[in-house]
Amino acid sequence: MNRFKKLSCSLAIMLSIGSLFGSVSFAEQTAPKSFSVLSLNVAGLPDLVSSGSPAANTQKISPLINDYDIVVVQEDFNYHNDLIKYVTLPYLSTTSGLAGIGSGLNRMSKYPFTDFIRTKWNKSYGLFDNGSDQLTPKGFDVARHQLEPGVNVDVYTLHADAGTDSGSMDARRDNIRQLKEYIKTYSDGNAVIVMGDTNCRYTRSGDVMEELLAENNLKDAWIELVRNGSIPPDGDALMDASQLNGPNYEVVDKILYRSNSIVQLQATSYKLEDTKFTDSSGNQLSDHYPVSTKFQYTVASNVSVSSPFGGSGGIAFNQLEHLPAQSKITKVELSSGSRVDGLKLTFGNGTALSVGGTSSSGYQSLQLASDEYIKEVTAHKAQRNGEDRIFYLEIKTNKGNILSGGTKTTSITTFKAQDGWYIAGFFGKAEAELDRIGAIYKQLTP
């Protein structure tokens, strides 16, 4: 048995985070709200080679999409205009392209999304057989969906390599591991939903879905709600078609998720949509039934984030889940030349969180008193090599002490903690320099 079978699908996600003078708990939350998601492989290859009937059925799928808040699709190739013809959801990705050109991955959403990124798999297998995955650039997409101001979820969709031959199995393992590592870096500290055609089965010993779950603290809505948290062991595929929404019928289309310290997600329903996405004769509108999940979410009332400011370059970072509990910032350091290179926070317990690089002049530093904290940060941006970067930062404490560096510009924003709050850390993008920055706010405790 795969060693990850022994790990629980519902690994505990930390429900409290450190603050300057206390801790934040999800006991302090807003009232719960809800949204729904859907994932569907639309079988949108040219009609002559598709395993569905997309020329006839794609326009029938289109209006059904409007019943969900976030929808991701796979194999959306040659009939994209038919698919979106009756869609009223306001936020849509642009088509990835026809078969052979695009990944077939697209999305429609009630919620605005930013930072939409398409990534091709590092490995695929099969040209005119074994799934023919090399005929089109399959991969995964991610975008940051804003449920409400300061409440964001990274939503991924994927279409993994098909086939059960050794070459396809090897490619698919590589696909899942590539996604696993990407989530670790790009979505560090963020709430996450992963949906799509994984071509994986928990019962298939060569697949590695359990790694994706365990190493990214993800839950599978089907495992959690239909199988009461029990991952099926390796063995025969679960194909009890007498109860398609039962615990003994597994599909390769999956919905995974996790919370973070700001938004607590809870799947409240999971369904294989085996009756809705059919024609008047009861025939499937695609060769896959969609899978859907309803989520309830609550928002912590004593931690929040700003909107980000800056460019799209660099590597994503988020200090939210790395801020030490019960330990305050004791020193702030800034490295800058003509632009801001790096930023470092040191905490009373010795933890140091660094982002960006270091200029030739090293770091300037500001030591904070025992009752001192960051109250306000002003950032200036401008373009460098065609991309926005942070050119200047000014960090100001509640005692009026200031640490600053870089070059001032005319494009400015200020992150200011409201009364009773403070800036506890940062998120954004950085590599050799600071490309983007946002503030993490926490509430002061008495």
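1. Strand 12 (residues 253-258) gives the largest share, three residues; strands (E, at least two residues) and helices (H or I, at least four) are DSSP runs, numbered from the N terminus.

2. A word on the source: this is a predicted model, where local features need pLDDT of at least 70 and side-chain atom pairs count only at pLDDT 80 or more, while totals for chains, interfaces and linings use all residues. Residues are numbered from 1 along each chain as its sequence is written, and side-chain values use heavy atoms, with hydrogens and water left out.

3. Back to that cavity: about 40 Å³ of space lies in it, and a search of the whole structure turns up five cavities of 30 Å³ or more. A cavity here is a set of points on a 1 Å grid over the protein atoms alone where a 1.4 Å probe fits but cannot get out, and lining residues have an atom within 4 Å of a point. Points are joined across faces, edges and corners, and the volume is the space filled by probe spheres set on them.

4. Now the aromatics. There are twelve aromatic pairs, counting rings of Phe, Tyr and Trp (its six-membered ring) whose centres lie within 6.5 Å; planes under 30 degrees apart are stacked, over 60 edge-to-face and the rest tilted. Trp 121 and Phe 140 make a tilted pair, 5.4 Å centre to centre with 50 degrees between the planes. The two are 19 residues apart, with Trp 121 in the loop between strand 7 (113-120) and strand 8 (139-148), and Phe 140 in strand 8. Trp 121 is buried at 4% relative accessible area, and Phe 140 is buried at 0% (buried is under 20%, exposed over 50%, partly exposed in between, with a 1.4 Å probe and protein chains only).

5. Two backbone spots to look at: Asn 217 has a positive phi of about 55 degrees although it is not a glycine, and so does Gln 326. Most residues other than glycine have a negative phi. Asn 217 is partly exposed at 32%, whereas Gln 326 is exposed at 54%.

Methods:
On a 1 Å grid over the protein atoms alone, a cavity is a set of points where a 1.4 Å probe fits but cannot get out, and a pocket is an open set with protein on both sides within 12 Å along at least five of seven lines; lining residues have an atom within 4 Å of a point.
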